[in-house]
Amino acid sequence: MGEGNDKSTRVERASEREVVVTRTFNGPVRIVFEAWTTPELFMRWWAPKSLGVPMITCEMDVRVGGGYRVAFGHDEASATSFFGKYLEVVPNERLVWTNEESEDAGVTTVTFEDKGGKTLLVMRELYPSKAAADEASGGMAPEQFAQLDELLEELGAGVGGKP
Amino acid sequence: MALARVNVRAIVNRMVQYATARLDASFGALSDATRRGVLEQLERADASISQLADVFEMTLTGMKKHVGILEAAGLVITEKVGRVRTCRLGRRGLEDEAAWIERRRRLWEARFDALDEVVEELTRKEKARGRRKR
């Protein structure tokens with residue numbers, strides 16, 4: 001697969017504890033970096049519609065030791081938060097942050113590399129253990145939400161409608 | 001900002017509803033020592049119904065009944081090739097590496113497609129501004 005116009009997203013299990021996601025973006029590093037570090041922009045893509053759950057808040061203090069917090073949900077009461085702090089911030093090159101919402105969450109490293117005006121992005125998630133990496137489901141994939149919805153509809157009469 | 005285990009509560013609620021509907025089948029299937037033995041056996045290797053019948057020293061008909069109950073509960077999947085019906089463990093809780101990777105890939109592809117749109121839009125705007133300045 002050539003790198004040129006390849007827009008595919010690759011996911012590899014680099015080791016028992018590490019997952020690597022790779023993608024090339026059609027814009028300069030500067031802009032891609034901006035989209036990762038500006039809350040208004042970040043909110044536009046981190047929770048795409050197909051995810052099924054919108055992001056309702058996003059706070060980022062992008063500097064070494066600075067914190068972030070994002071929340072997903074349909075309202076404040078049922079929201080789920082993810083938070084941590086930035087360990088490394090090298091503008092237009094590299095971001096490293098912790099994920100502190102659970103003991104099984106790891107450290108995320110994102111690197112940005114110029115490829116002739118496009119951006120090669122490599123994201124590594126390092127988990128504390130193999131089990132944690134196995135468990136981290138990668139979130140609910142869109143088709144799983146669809147599957148759940150189907151199931152619910154199917155079961156709706158049986159479960160909810162029982163006398 | 002982890003690989004979002006998004007909206008866990010809502011998902012769990014749904015899972016519970018789903019589980020409720022399947023509990024009877026699962027508990028029923030697991031309430032029998034032979035059927036638990038069959039699951040243990042299949043954990044080691046796939047097997048035909050007649051092999052299982054041999055291992056548990058019972059009739060083919062008796063084993064078919066047990067496998068049918070496990071299959072209805074989603075714990076076992078069977079596939080008939082020629083005259084042999086092969087049994088293996090159901091997918092539930094046993095995701096293979098390829099499926100694990102694919103699930104993540106879809107999530108990231110959805111995100112990154114959205115990110116690419118943002119990046120292209122900003123790039124276009126920047127170019128337009130650059131042209132106007134000149």
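## Sheets, helices and cores

Helix H1 (residues 29-37) of chain A lies across strand S2 (18-25), S3, S6, S7 and strand S8 (118-126) of chain A, and runs at about 155° to S7(A). Angles here run from 0 to 180 degrees between N-to-C directions, with axes fitted as lines to C-alpha atoms, for helices over the stretch in contact. Helices (H or I, at least four residues) and strands (E, at least two) are DSSP runs numbered from the N terminus, and two residues are in contact if their C-beta atoms, placed from the backbone, lie within 7 Å.

This is a predicted model, in which local features need pLDDT of at least 70 and side-chain atom pairs count only at pLDDT 80 or more, whereas totals for chains, interfaces and linings use all residues. Residues are numbered from 1 along each chain as its sequence is written, while chains are lettered from A and ligands numbered from 1 in the order in which they are written.

The sheet of chain A is open, with 8 strands in the order S1-S2-S8-S7-S6-S5-S4-S3 and antiparallel pairing; two strands pair if DSSP finds at least two bridges between them. Strand S1 (10-15) and strand S3 (55-60) of chain A stand at the edges with a single partner strand each, so one side of each has no neighbour in the sheet. On average, and with direction ignored, neighbouring strands of this sheet are turned by 20° against each other.

Chain B contains 5 helices and 3 strands, which follow the pattern α-α-β-α-α-β-β-α along the sequence. Its strands form an open sheet in the order S1-S3-S2, with antiparallel pairing, and the edge strands, S1 (47-48) and S2 (76-81) of chain B, each pair on one side only. Glu79(B) stands opposite Thr86(B) in S3(B). The table sets out one strand pair from each chain.

| Strand pair | Sense | Bridges |
|---|---|---|
| S6 (residues 94-98) and S7 (residues 107-115) of chain A | antiparallel | 5 bridges |
| S2 and S3 (residues 84-89) of chain B | antiparallel | 6 bridges |

H2(B) packs on this sheet of chain B, touching S1, S2 and S3 of chain B, and its direction makes about 90° with that of S3(B). H4(B) also packs on the sheet, touching S2 and S3 of chain B, with its direction at about 120° to that of S2(B).

Helix H2 (residues 33-44) and helix H4 (residues 60-72) of chain B pack at an angle of about 70°, with their axes 10 Å apart. H2(B) is therefore roughly perpendicular to H4(B), a label given to angles of 65 to 115 degrees. In this contact Thr34(B), Arg35(B) and Val38(B) of H2(B) meet His66(B), Val67(B), Ile69(B) and Leu70(B) of H4(B).

A nonpolar core is a set of buried Ala, Val, Leu, Ile, Met, Phe, Trp, Tyr and Cys residues joined through C-beta atoms within 7 Å, and a residue is buried if 20 or more other C-beta atoms lie within 10 Å of its own. The largest core has 34 residues, and those touching the most other members include Val32(A), Trp45(A), Leu115(B) and Val119(B). Its largest share, 7 residues, comes from H5(B). Leaving aside neighbours within four places in sequence, the contacts of Val32(A) include Phe25(A), Phe112(A), Leu121(A) and Val119(B). A second, separate core of 12 residues includes Ile49(B), Leu70(B), Val76(B) and Cys87(B).

Key: Angles under 35 degrees count as roughly parallel, over 145 as roughly antiparallel, 65 to 115 as roughly perpendicular and the rest as oblique.
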